[in-house]
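Subject: Structure handover

Hello,

Here is the structure we talked about. Please open it alongside this note; my findings follow below.

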Amino acid sequence: MQRKSARSYGLWMGELPPGPKNDITDVPGVLVGHVSLIKGSGPLIPGKGPVRTGVTAIRPHPGNLYRQPCWAGIHVMNGFGKSLGVPYIQETGVLNSPILLTNTLSVNDAAQGMLSYLLKENPEIGNDARTPNLVVFECDDSYLNDIRGRHVKPWDAILALNRATNDLMLQGNIGAGVGMSLYQLKGGIGSASRKVSIQGRPYLIGMLALTNYGRLEDFLLNGVPVGIKLKISTGGDVPGSLILVGITDAPLSRWQLNRLATRAAMGVGRTGGISRTGSGEFCLMVNTNGLSQEKFLDDWEMDSLIKAVVELTAESIWNSMFFATTMDGRDGHVRKALPVAEILSWVEPFFL
């Protein structure tokens, strides 16, 4: 069966309409690029493979983010994570670098690549200008990947940044999602978007998810506990983590973006996520309009955006599974693709 989105099967993904591509690049100016690293098979030989990992780069606008920063808000659902850049966003509400996603032990290598990229783009850094605050998020892909080998190199991060485009996004086993697991099945990269009208003005909001958490018995689809019904040999637990990056062109302050970021947890709950202790779970929300905007939406006008975030979070997570294909990894470990035909037969009586 060809892998396609959850929505394409007629499943209920919420009430708000999606954008034209139904991914984060529907938001004007947003660019996404991937580098996927897949090499070798068989027993783990640390430093050699098998390699099942990658990098995903997100640029909220095509300009120079160091010189044209954005307002941002972040919510930590569970802090078992090793990401870079979180304290600065919490303190200032400013994003002044692109966003990278990769595996846990490659955070610093990816950051070195982005630093080289920004230094070349901005010769004033470190001379008469302050240093940038790099943003790199991670999940642990060690169930499938030789994570100790640190196969992501600085040039992979630069390549992902240079590849960033507003084309229809590839999802599933792509970029940082190559080696990730979700509910002990294959996870990875997922995305979705929504159109929202506020006081007659149209806005877009998109979400990208990197999924790597949960146990099979937790898994919900449209409220149906399909994980309990699935009889699949899954292998070990997932080390954990979920990264959510939401971007909108709606004029929101840093505090309003924080409010939206907190609502992502409700979308995670729709999929069955319970934020176990060992799972690092973060949601970053970004406003693409820059810091010079003088007028923000009123807080009482935000309900449709709040609803959108809940819907987007769940749909992005589900899409990371629906698009992903079975992946083998180190030591014979396998993450099986979601058995779409089987679960549709359980969900159909309720929603199809």
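A crossing of two helices is right-handed if the near helix is turned clockwise from the far one, by less than a right angle. Keep that in mind for both helix pairs below. One caution before the details: this is a predicted model.

**Helices α5 and α6**

By that rule, α5 passes α6 in a right-handed crossing. Helix α5 covers residues 254-271 and helix α6 covers residues 303-323. Their axes lie 7 Å apart, at an angle of about 45°. That angle makes α5 oblique to α6. On the α5 side, the contact is made by R259, L260, R263, A264, M266, G267, V268, R270 and T271. On the α6 side, L305, I306, V309, V310, E311, T313, A314, I317 and W318 take part. Sorted by class, this contact has 11 nonpolar, three polar and four charged residues.

**Helices α2 and α3**

Here the crossing is right-handed too. Helix α2 runs over residues 107-121, and helix α3 over residues 154-163. The two pack at an angle of about 55°, with axes 7 Å apart. They are therefore oblique to each other. From α2, the contact takes in D109, A110, Q112, G113, M114, S116 and Y117. From α3 come P154, A157, I158, L161 and N162. By class, the contact of α2 with α3 has seven nonpolar, four polar and one charged residues.

**I198**

I198 sits in strand β9, residues 189-198. Is this residue buried or exposed? I198 counts as buried, because its relative accessibility is 5%. Leaving aside residues up to four places away in sequence, I198 touches Y203, L297, E301, S304 and L305. One of these, E301, is 103 residues from I198 along the chain, yet their C-alpha atoms are separated by 6.8 Å. L305 also belongs to the α6 side of the contact with α5.

**Cysteines**

C70 has 0% relative accessibility, so C70 counts as buried. C283 is also at 0% and therefore counts as buried.

Best wishes

Terms used: Residues numbered from 1 in each chain as written. Predicted model: local features only at pLDDT ≥ 70, side-chain atom pairs only at ≥ 80, totals over all residues. Heavy atoms only, no water. Buried < 20%, exposed > 50% of the residue type's maximum accessible area, 1.4 Å probe, protein only. Axes fitted to C-alpha atoms, helices over the stretch in contact; angles between N-to-C directions. Helix = DSSP H or I, 4+ residues; strand = E, 2+ residues; numbered from the N terminus. Parallel < 35°, antiparallel > 145°, perpendicular 65-115°, else oblique. Contact = heavy atoms within 4.5 Å. Nonpolar A, V, L, I, M, F, W, Y, C, P; charged D, E, K, R; others polar.
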